[in-house]
Amino acid sequence: MTDYLKNELEKAQQCLLETYELATTYGDNEEKDTSKYLQLMERICQMRDDSIKNERALQLAMAERNIPDFESAFQRELNANRKSCQAIKTREYKVFCDRLEEIANAGSTSSGAGGTRQSNASKDGGLIEMDMQVNLTDPLTKRQMVDPVKNTICGHVYEKGSIQDALRINPRLRCPVAGCGNNRPVNEAHLKPDNALKMHLQRLADGEENSGDEM
Ligand SMILES: [Zn+2]
């Protein structure tokens, strides 16, 4: 398998875990549903498996001396290995399951610590909404974000386009969030998509659109 694909699949896997971690804090029950993450992980394992099969078939077919023979050898080899991959039996999948469980456990202990706050919030959802409001707005444009990225150094979130524009103007720009203790210039390499927040924003936007359409 090419290093590129291998890296991309690992990144995707890491991203799933991070999204789940955020979902345990900000997400609703649907986002906390581990089965979705497991399904996606199964797809990742399948892609890895497909790639290995393709590569093997390609290598075998390379022994042929002309294109039609090459094609039929390649197809024959692929068909012989068509049996769907047993993704859930792979080591990667097991490791992933363990990590999900760890995150779920960590999430439940931390929400236990903030017990009173949690129970207050669940009565009317007020406190959680307030927490979210702070994070929904881009610190640069003060507008609601659409494609949020998180600065992994300080944890602050910005709209992707606006932080990129600001960095183009001032490459030594520091975190624009007032009172941020991070004195290092923002580095684009430290900006990671905040997928859980993006999902949340998307859902809010969909909700607004629907209520707006109701005439
Ligand atoms: Zn910051």
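User: What makes the arrangement of the four donor atoms around the zinc ion tetrahedral?

Analyst: This is a predicted model, and here the angles decide it. The four donor atoms subtend 103 to 116° around the zinc ion. Four donors count as tetrahedral if all angles lie between 85 and 135 degrees, so the arrangement gets that name. For reference, the ideal for four tetrahedral donors is 109.5 degrees.

User: How do you know which residues are the protein donors of the zinc ion?

Analyst: By distance. Donors are N, O and S atoms within 2.8 Å of the metal. Cys154 (SG), His156 (ND1), Cys175 (SG) and Cys180 (SG) lie 2.0 to 2.3 Å from the zinc ion, so they qualify. Along the sequence, their spacing reads C-x1-H-x18-C-x4-C.

User: Why is Cys154 called partly exposed?

Analyst: Buried means under 20% relative accessible area and exposed means over 50%. Cys154 has 24%, so it falls in between. His156, at 25%, counts as partly exposed too.

User: How do you know that helix 1 reaches close to its expected span?

Analyst: Helix 1 covers residues 3–26, and from its first C-alpha to its last it reaches 34 Å. With 24 residues at 1.5 Å a residue, 34 Å is expected.

User: Which residues touch the most other members of the largest nonpolar core?

Analyst: Leu16, Tyr37, Met41, Phe96 and Leu100, out of 14 residues. Helix 1, helix 3 (34–61) and helix 5 (91–113) each supply at least two residues of this core, with helix 1 giving the most, five. Apart from this core lies another, of ten residues, including Cys180 and Val186.

Definitions and conventions:
Residues numbered from 1 in each chain as written. Predicted model: local features only at pLDDT ≥ 70, side-chain atom pairs only at ≥ 80, totals over all residues. Heavy atoms only, no water. Donors = N, O, S within 2.8 Å, 3.2 Å for Na, K, Ca; no water. Tetrahedral: all angles 85-135°; square planar, octahedral: opposite > 155°, others 65-115°. Buried < 20%, exposed > 50% of the residue type's maximum accessible area, 1.4 Å probe, protein only. Helix = DSSP H or I, 4+ residues; strand = E, 2+ residues; numbered from the N terminus. Expected span 1.5 Å × (residues − 1). Core = buried A, V, L, I, M, F, W, Y, C linked by side-chain atoms within 4.5 Å.
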